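The following note sets out numbered points on the structure shown below. Please read them alongside the sequence and the coordinates.

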Amino acid sequence: MPQVRGDGMRGLAVFISDIRNCKSKEAEVKRINKELANIRSKFKGDKTLDGYQKKKYVCKLLFIFLLGHDIDFGHMEAVNLLSSNKYTEKQIGYLFISVLVDSTSTLMNLIIQNIKNDINSRNPIHITLALQCIANIGSKEMCDTFGSDIPKLLVQGDTIDSVKQSAALCLLRLLRTSPDIIPSGEWTTRIVHLLNDQHLGVVTASVSLIEALVKRNPDEYKACVSLAISRLSRIVTSSYTDLQDYTYYFVPAPWLSCKLLRLLQNYPPPEDAALKGRLNECLETILNKAQEPPKSKKVQHSNAKNAVLFEAISLIIHNDSEPNLLIRACNQLGAFLSHRETNLRYLALESMCLLATSEFSHEAVKKHQETVINALKTERDVSVRQRAVDLLYAMCDKTNSEEIVQEMLNYLESADYSIREEMVLKVAILAEKYATDYTWYVDVILNLIRVAGDYVAEEVWYRVIQIVVNREDVQGYAAKTVFEALQAPACHENMVKVGGYILGEFGNLIAGDPRSSPIIQFKLLHSKYHLCSPMTRALLLSTYVKFINLFPEIKSDIQAVLEADTNLRSADAELQQRAAEYLNLSRIVSADVLATVLEEMPPFPERESSILAKLKKKPWRGEGTDPQANAEEPAAGKKKGPSVASVKAAQQGISHTTTNGAVASNDLLSLSTPPSQPANSLLIDVLGKNLFFLTRYSKRVLNRLESIGWHEVLGPSTSVPGGSSSGDTGLNGPSAASAPAANAAAFPSHEENLRKLTWKNNGVLLETDLIQIGVKAEFRKNLGRLGIFYGNKTMLPLQNFTANVSLPPSLSQCMMVQAKPVDPTVEAGAQVQQLINVECIMETDELPNLSLTFLYSGLQQRLELRLPVTINKFLEATDMNAESFFARWKNLSGPHQECQQIFKATMPMDAGAIGPKISGVGLQLLEKVDPNPENFVGAGIVHTRGGQIGCLLRLEPNRDAQMYRLTVRASKESAARTLVTLLVPLF
């Protein structure tokens, strides 16, 4: 960089100082407009402006543009600066053009001519400025104009080093715009030999260019391997004093070393023994240096040293050919697992996930199992815990599967919401893949549903049903186990689905035990019926009709349930239809026809596990991170990264379960069996519409029913397979022509439901003739997760279904919301779920908005709702005695720390109802604390990202006057005021 003396622009400094001293936005705009008017007048009126003045005014325009204001003049003056021979004037001209001039500008031809003049000049400073401008613009026109000149600059022998560096980086930028800018064969050898350049700056810039070229055509540039190894060897074996200009905190050329190691990962290990030996020697040297005492205590030294180390380990994993290096790398990473630096622990876990897929290092990775499990339990950073889960999954095999699965199950109960669904899938895959005892597999899946039922995808419980149906030796145990699981007071709906299906098929296997007699099985299932969604109720009705065939002695009990008004006249058309069909079927047909229709389900065809397919498909954290599930793209004839080890791991223990229950090996996943259908259709009929009438009929059953008449069995208004419905509405609900076509204004207000959801986490948000919207939420600290359930109550699909969550402008600073997309079609009678993650940044009294749009019977419907994410959802109940309560109550007695309201009771003043509401809001109800036993007091802490807000409540009822006095004290007035606003409508 040339030295410039006395070139400070005082006018620019004064202008910047004036802008900084502005007290308001209006003052700033006024000052800028004044300056723009002055500059415009100078450019138009003063024809004698010298280069210094032009540069000063162009700089001011550039500064104004960077402040966010539009600039519509001055471009020609900037172009004129390019003709100057002064460095600073030419630099400002190029800077202005790079930032403000669009590639489609009419001035581009003039700019290109000036760039050509500078490139053809003998001044290296001017050439470098021109190359930087070309790279910054990077347009197709630049590629076409300078595509042949820049490679020449790069490889010419008389080009100085600084110009070569700029040319290499400029060519890399143009290569991204036009991949064919460097013709094959013409420049290959000369570009590759830049790795031998004496100037390390040229080598560093060239490696980036060569790596980009290698990714496009690895075979053409394979000669770079030997040169890269040679250069790497010279760097690694040198002392930090040998490369003084490129040594960073005692680490010789760390950036160049990392780039060379990354370049070598695009190729397989060298076949030449000498070359391979030299590369291994380099990698060993890097591993040895990592174990040496640090030469500096500064963090920059350790960062540079570890950057080279991790790239070397990545190359070792990629090559996957040297057991000694793999084991040494594993041991080095193992030492980082207990390092105090969080980033190192994260990177160590990530690299060990790849090492676990190698047959040479898998056992070495397993030695660190206890350390990884401890990290899972004690690590404070959630991203590190995620990597610990990945590593446990990757290191799992036949010898440690039970222990790892159990540890993951134990952790699942307290795991972060963001990783629970992924953990559930991985536990299910490991349990299935390494199950030598199918009873253990059933126990694991049922335990999984119990611990994390909300996060168990349909594919998980579909899969356990498939395996139970296909294996006779586990059917009795599964029926017994699921029967015991259903006896728990709080039973997840997924458990009810599994229990209903298995007991409907194999409940007869445990009916001999008086403790699980037919009537007990039926009553146990029916006790869960009213707590379930319509889809689960439909499955249970199918189970009940199966019971009629299995247990004729309870036929009357089941018929009583089927003909109950809640089923036979249900608002849900699917339940109504099933109840009517099953009731008629049980009354009219003979026992042999009933047995034929309700025969046991046949074995399911084998195909790829839908759980594994879901894990492969799921973009959990950007790019796929599952070392057992993901395939890598090939590069230079070999799979990139750890793919070789992944293939070897995938070839071990692969087999499938046959339909008669025989097992070819001990792997249930059938990874080597090509899928015969899409994975998501694996057990589509488990919850399919008209389970026993429309999906899995044999011709024999259909012919039998046809012979006795469909309408005689099922009634006059019922659809038949392949036929049409008779009657206008009947059991099939309203016709499409009568479907309501209401907009949002026609629907009833959901304010009452919002009020109820203030102190409840589960409930109905809105219900109309078309749709039911339910909420199931859980909150921890300042984080929350909502499951929004959209149920289609009609007989027609809801199409173009969108559900968007938005925040009012004032709420966007107080809350963060992330919503997963929802399926665009909600089938008739079906239900879809949308997961929404919420984080409270600061206290607020506003709610997120939920906008729904969909087409019903060709008519556009729109709903505008609010989500029940109130400040009390982030309350954590706090227990304390009377002394502590009143001491804190006294401390919070400031004028801006209390909010009080006296109001009329709107509901009966029942003490038994007031307490649960206070607890439901999130406060700890403190008993025997207030001297007046009629009063209610509570305490809690509101968690936000910015900190904690202590809250105390005192509710004083006056039963004679039917009045309340509610007082809330909090460390922030806004929190107290918001809580009072929320609580008053509850009483």
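1. Strands here are DSSP runs of E of at least two residues, helices are runs of H or I of at least four, and both are numbered from the N terminus. Two strands are taken to pair if DSSP finds at least two bridges between them.

2. The model is predicted; local features need pLDDT of at least 70, side-chain atom pairs count only at pLDDT 80 or more, and totals for chains, interfaces and linings use all residues. Residues are numbered from 1 along each chain as its sequence is written, and side-chain values use heavy atoms, leaving out hydrogens and water.

3. Strand 7 is largely enclosed by the rest of the structure, because eight of its 10 residues are buried. Buried means under 20% relative accessible area, exposed over 50%, and partly exposed in between (1.4 Å probe, protein chains only).

4. Strand 7 is also joined to strand 6 by 10 bridges, again in the antiparallel sense; E778 has R785 of strand 7 as its bridge partner. These two strands form a hairpin with two residues between them, and K781 in the turn has a positive phi of about 55 degrees.

5. Elsewhere, F65, L66, L95 and V99 make a nonpolar surface patch of about 340 Å². Helix 3 (51–66) and helix 5 (87–100) each supply at least two of the patch residues. L95, in helix 5, counts as partly exposed because its relative accessibility is 40%. Patch residues have over 30% relative accessible area and no salt bridge, with like charges joined within 9 Å and nonpolar side chains (Val, Leu, Ile, Met, Phe, Trp, Tyr) within 5 Å. Accessible areas come from the Shrake-Rupley method with a 1.4 Å probe; for residues, only the protein chains shown count as cover. A salt bridge is a side-chain nitrogen of Lys or Arg within 4 Å of a carboxyl oxygen of Asp or Glu.
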